[in-house]
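Trainee: Could you take me through one part of this model closely, namely the sheet and the helices that pack on it? I would like the terms spelled out as you go.

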There are 2 protein chains.
Amino acid sequence: MRDDIHTTGLPALCASCEARHRGICGALTAEQLTLLAKASSKRRAEEGAELIGDAENVESYANVLSGVVKLTKMLSDGRQQIVGLQFAPDFVGRPFRTESTLAAEAATDVELCSFPRATVERMMAEQPDLEHRLLEQTLKELDQARDWMVTLGRKTAAEKVASFILMIARNIDPTMQPQQRAVTFDLPLSRAEIADFLGLTIETVSRQFTRLRSEGVIRIEHNRRVILDDIRKLAASAGN
Amino acid sequence: MRDDIHTTGLPALCASCEARHRGICGALTAEQLTLLAKASSKRRAEEGAELIGDAENVESYANVLSGVVKLTKMLSDGRQQIVGLQFAPDFVGRPFRTESTLAAEAATDVELCSFPRATVERMMAEQPDLEHRLLEQTLKELDQARDWMVTLGRKTAAEKVASFILMIARNIDPTMQPQQRAVTFDLPLSRAEIADFLGLTIETVSRQFTRLRSEGVIRIEHNRRVILDDIRKLAASAGN
DNA sequence: CGCAACTTTGAGCTGACTCAAGCCGGGTGG
DNA sequence: CCACCCGGCTTGAGTCAGCTCAAAGTTGCG
């Protein structure tokens, strides 16, 4: 098989990688990409696997290639809050800090492309474009975090759950429009995780799903699969 | 008057500016600083003044020189959430986006050093160190936002108010220790604003202040001044 | 088939909200 | 100098959204 014109000279690892275009690797030259790829490893983690623990030393960063990573924080008495979800091709890791301030866990089965900390930081120093991409991603995450603060602080349980379903749906299909027909997707989180994301209890989340179902907004199959029948009505229930 | 050795050749505007050291201007050469200073203006805004509205076009960025700027988001029905507080020498503005996604308002009387958007973005392109500083600040804000998500999603009203007072106290005096004697400072926010920051109502915030007062943790003068008598007990009430 | 984990549903409780007064300090004008 | 007002804060009483505790229903898996 001949090399694709765009992948000539690129590491096999990167040839079909989404992060090379939309993710931070897009900032690298073919040469640098080769260098980074040498130090990188593609790895899988299954649902529930802890990728990095709170207060652990950070030895590596990673790109999400598929699946969903959840970022969580916990209070000393065990109360937990999910503070972010990372989808492909997001970058996972906190540059310029050796100790993690949160835990990262595979919410679904996940594929990661993992780089040693030192290599990434060296490249960042010599390739401003890489730092620029990282800034862009960090700003995006900050915007998301702030949007979510409004949801956590000011929305009702019904609005929180509607906002959550909408957010997931939009991540699966970014082109989704209010007037379009049904959209189907799998929730990447259990009821307990959704509760931890929304600052609610499992029971309240479940009741809100039931309500949306009885109002004909969604259908649910096997607990995780959502068929979103009335996008408009869901968007209206989300508050904003 | 002779120039201080450290300010030789620097714009008068910047000579005594905190942002030159701790803020993003520290990334600039004397030459660039001069260039930026030419396009900059120091301005004051009084308490309550809107610095930039939601969905407005961003024409300038700014450094906070003194006072506190609050960043707010609002739902269509008027519910409001404060999503960030900026103290000196923080940078205010969202790079790489022409339209603001939140409103910035002077929470107290504020001094700002304001730069035209175009100038900052040009310098960012030619001075990677500037982008690096911006990345550092953005990461710091992201960490803060995520900490606050835990507070909003999982803490009780009592813990929220304790966390808030502690956060403000630590911003006024970063060296504050649990065992130390009383610390006095002014709250930069009204009860209504504290409520919007914590996802509570005015009344609940007020009741929690009263409780802390009756427990001997704090004293309050003229509504705004807090004398923090028992730092340890306050920290214990903050959850975490 | 049977267990274990997850989800749903129900019933009662409670922390924070709503609504309504009253209080306090600062400014204004008589 | 004092009476008044106004905005911000506090306090009280009653309500309710979301929580807790409990039980029953699903689903997936060995």
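Predicted model: local features only at pLDDT ≥ 70, side-chain atom pairs only at ≥ 80, totals over all residues.

Mentor: Helix α7 (residues 191–198) of chain A lies across β4 and β5 of chain A, and runs at about 95 degrees to β5(A); here contact means heavy atoms within 4.5 Å, axes are lines fitted to C-alpha atoms, for helices over the stretch in contact, and angles run from 0 to 180 degrees between N-to-C directions. Helices (H or I, at least four residues) and strands (E, at least two) are DSSP runs, numbered from the N terminus.

Residues are numbered from 1 along each chain as its sequence is written, chains are lettered from A and ligands numbered from 1 in the order in which they are written, and side-chain values use heavy atoms, with hydrogens and water left out.

As for the sheet itself, four strands of chain A form an open, antiparallel arrangement in the order β2-β7-β4-β5, where two strands pair if DSSP finds at least two bridges between them. Because β2 (50–52) and β5 (80–86) of chain A stand at the edges with a single partner strand each, one side of each is left without a neighbour in the sheet. From one strand to the next, the twist averages 35 degrees. Strand β4 (residues 69–74) of chain A is joined to β5(A) by six bridges, the two running antiparallel, and K70(A) has L85(A) as its bridge partner in β5(A).

In chain B, the side chains of K70(B) and E193(B) meet in a salt bridge (2.7 Å, N to O), a term that requires a side-chain nitrogen of Lys or Arg within 4 Å of a carboxyl oxygen of Asp or Glu. This pair links distant parts of the chain, with E193(B) in helix α6 (residues 191–198) of chain B and K70(B) in strand β4 of chain B, 123 residues apart. Both E193(B) and K70(B) are buried, buried being under 20% relative accessible area, exposed over 50% and partly exposed in between (1.4 Å probe, protein chains only).

Helix α4 (residues 128–154) of chain B also carries E141(B), whose partner across the chains is R146(A) in helix α5 (residues 128–154) of chain A; their side chains form a salt bridge (2.8 Å, N to O), and both residues are buried.
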